[in-house]
Protein chains: 2
Amino acid sequence: MSEITNPTARTRVVREPHRGTYDRETVYQILDEGLVCHVGFVSDGQPFVIPMNYGRSGDNLYLHGSAASRMLRCLDQGVPVCITVTLLDGLVFARSIFNHSMNYRSAVVLGRAVHIDDPAEKLEALRMISEHIVPGRWKDVRLPTETELKATSVLRLPIQEFSGKARKGPPVDDEKDYSLPTWAGVLPLTLQPGEPVNDSRLDPARAVPDYVKNYRRKK
Amino acid sequence: MSEITNPTARTRVVREPHRGTYDRETVYQILDEGLVCHVGFVSDGQPFVIPMNYGRSGDNLYLHGSAASRMLRCLDQGVPVCITVTLLDGLVFARSIFNHSMNYRSAVVLGRAVHIDDPAEKLEALRMISEHIVPGRWKDVRLPTETELKATSVLRLPIQEFSGKARKGPPVDDEKDYSLPTWAGVLPLTLQPGEPVNDSRLDPARAVPDYVKNYRRKK
């Protein structure tokens with residue numbers, strides 16, 4: 001496939017262009033912090049948007065799901081997809097309703113997914129997805145059997161056509177509105193882990209692993 | 001438009017059908033807790049998935065954005081859209097990697113958006129979006145001017161064809177795997193508000209309103 005120069009007409013951020021970025025490192029930070037992506041594809045002219053887990057390794061995104069899934073079988077055909085990851089960082093309160101906003105970081109990747117057939121590559125992609133979600137987990141689990149591996153479809157999407165968009169910082173009001181008595185500022189939002197809950201069939205003497213106890217998304 | 005009986009072939013949950021729901025109240029709870037939806041639409045055969053704010057009133061979803069936005073102008077044409085809201089509730093750790101999962105609740109709404117022209121209906125829709133994000137805020141803000149209202153596009157999507165999907169609870173392992181020494185359980189995740197940050201140009205004597213101080217998503 002020929003090299004794509006970002007942004008393309010399809011990924012260029014038109015509204016609030018100063019919020020757009022086409023820098024791989026910045027976009028990869030967003031992808032690496034996210035846990036869920038929203039996958040868009042078209043079937044019979046209807047767009048569908050489905051939440052999925054994913055992983056990234058180098059310039060590729062990996063998706064997995066049941067080999068029997070409608071969506072996976074659709075994506076398998078190499079149809080155009082859009083994968084979007086959004087991180088919500090806060091609510092922005094301005095004096096005017098018009099200038100209210102949210103602080104966020106989002107990444108959009110366009111392309112066509114490729115089905116991974118080779119069992120070794122498939123296993124490695126599953127490891128990437130697992131390590132993306134919980135670094136350190138893979139070494140502790142019972143790995144997939146041949147049957148489980150066959151029941152799983154794994155797709156690779158080369159990250160070629162992409163963009164990021166972000167807003168941060170305080171509200172920006174019209175100059176004349178600053179004198180209004182309305183409270184203005186930012187309410188930060190973060191995805192926070194709670195207390196780990198042991199499975200009821202777990203030996204109560206078993207310790208919660210550090211990668212669960214100290215789980216954080218930000219690197 | 002004729003009444004749609006849910007699920008349709010397009011919204012029926014095929015994989016893990018016990019996780020699917022077509023009950024309006026359940027799906028509305030998911031929509032009402034979410035802050036960001038992912039809007040899917042097709043342009044020149046390419047699906048796009050864009051994060052947006054939204055609001056719900058009765059059996060309608062409301063979206064808003066700049067009247068100059070490419071996306072809004074595309075949706076304005078009444079093209080098919082898919083709106084997905086996903087709430088991530090936790091990471092599910094099984095003994096086998098194959099049985100790892102996430103606890104989540106998601107809602108998918110398919111349809112065609114209608115442009116709202118009437119200024120009074122538009123203002124009311126904006127109020128719905130504002131009250132969806134921060135109940136109580138609308139009464140404190142400087143409301144939109146005529147010019148600001150003209151610069152804003154507001155769309156209404158009737159909630160007719162929809163489904164929800166959810167997973168909750170502990171991991172489910174294969175019987176033979178329960179004897180493995182691997183830690184298993186759930187790490188809950190929630191979107192947590194932090195400490196409100198006053199805008200630097202705010203009178204420091206001004207108190208943070210209760211709807212910011214006590215902000216919570218769950219009803």
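Begin by selecting B:K122, B:A125, B:L126, B:M128, B:I129 and B:S130 in this predicted model: these are the buried residues of helix α3 of chain B. Display the whole helix next, residues 119-133 of chain B. Its 15 residues reach 21 Å from the first C-alpha to the last, close to the 21 Å expected at 1.5 Å a residue.

Now show both chains together. Chain A is superposed on chain B by a rotation of 180° with 0.0 Å of shift along its axis, at an RMSD of 0.0 Å. That is the relation of a two-fold axis. To find where chain A comes closest to this axis, select A:L191, whose C-alpha lies at 2.2 Å.

Turn next to the contact between the chains, which takes 77 residues from chain A and 77 residues from chain B. On the side of chain A that touches chain B, the elements supplying at least two residues each include β2 (37-43), β6 (80-93) and β7 (101-112). The largest share of that side, 9 residues, comes from β11(A). By type, the residues of this side of chain A divide into 47 nonpolar, 19 polar and 11 charged.

Select β11 in both chains: 5 bridges join β11(A) to β11(B), and the two strands run antiparallel. One pair to display is A:P193 with its bridge partner B:L189.

Finish at the largest nonpolar core, which has 108 residues. A:V109 and B:V109 have the most contacts inside this core. Around A:V109, select A:L61, A:I83, A:L157, A:I159 and A:F162, which A:V109 touches, leaving aside residues up to four places away in sequence.

Notes:
Residues are numbered from 1 along each chain as its sequence is written. Chains are lettered from A and ligands numbered from 1 in the order in which they are written. This is a predicted model: local features need pLDDT of at least 70, side-chain atom pairs count only at pLDDT 80 or more; totals for chains, interfaces and linings use all residues. A nonpolar core is a set of buried Ala, Val, Leu, Ile, Met, Phe, Trp, Tyr and Cys residues joined through C-beta atoms within 7 Å. A residue is buried if 20 or more other C-beta atoms lie within 10 Å of its own, exposed if 12 or fewer, and partly exposed in between; C-beta atoms are placed from the backbone. Two residues are in contact if their C-beta atoms, placed from the backbone, lie within 7 Å. Copies are superposed by least squares on the C-alpha atoms of residues with pLDDT of at least 70 in both. Helices (H or I, at least four residues) and strands (E, at least two) are DSSP runs, numbered from the N terminus. The expected span of a helix is 1.5 Å times one less than its number of residues. Ala, Val, Leu, Ile, Met, Phe, Trp, Tyr, Cys and Pro count as nonpolar, Asp, Glu, Lys and Arg as charged, and the others, Gly among them, as polar. Two strands pair if DSSP finds at least two bridges between them.
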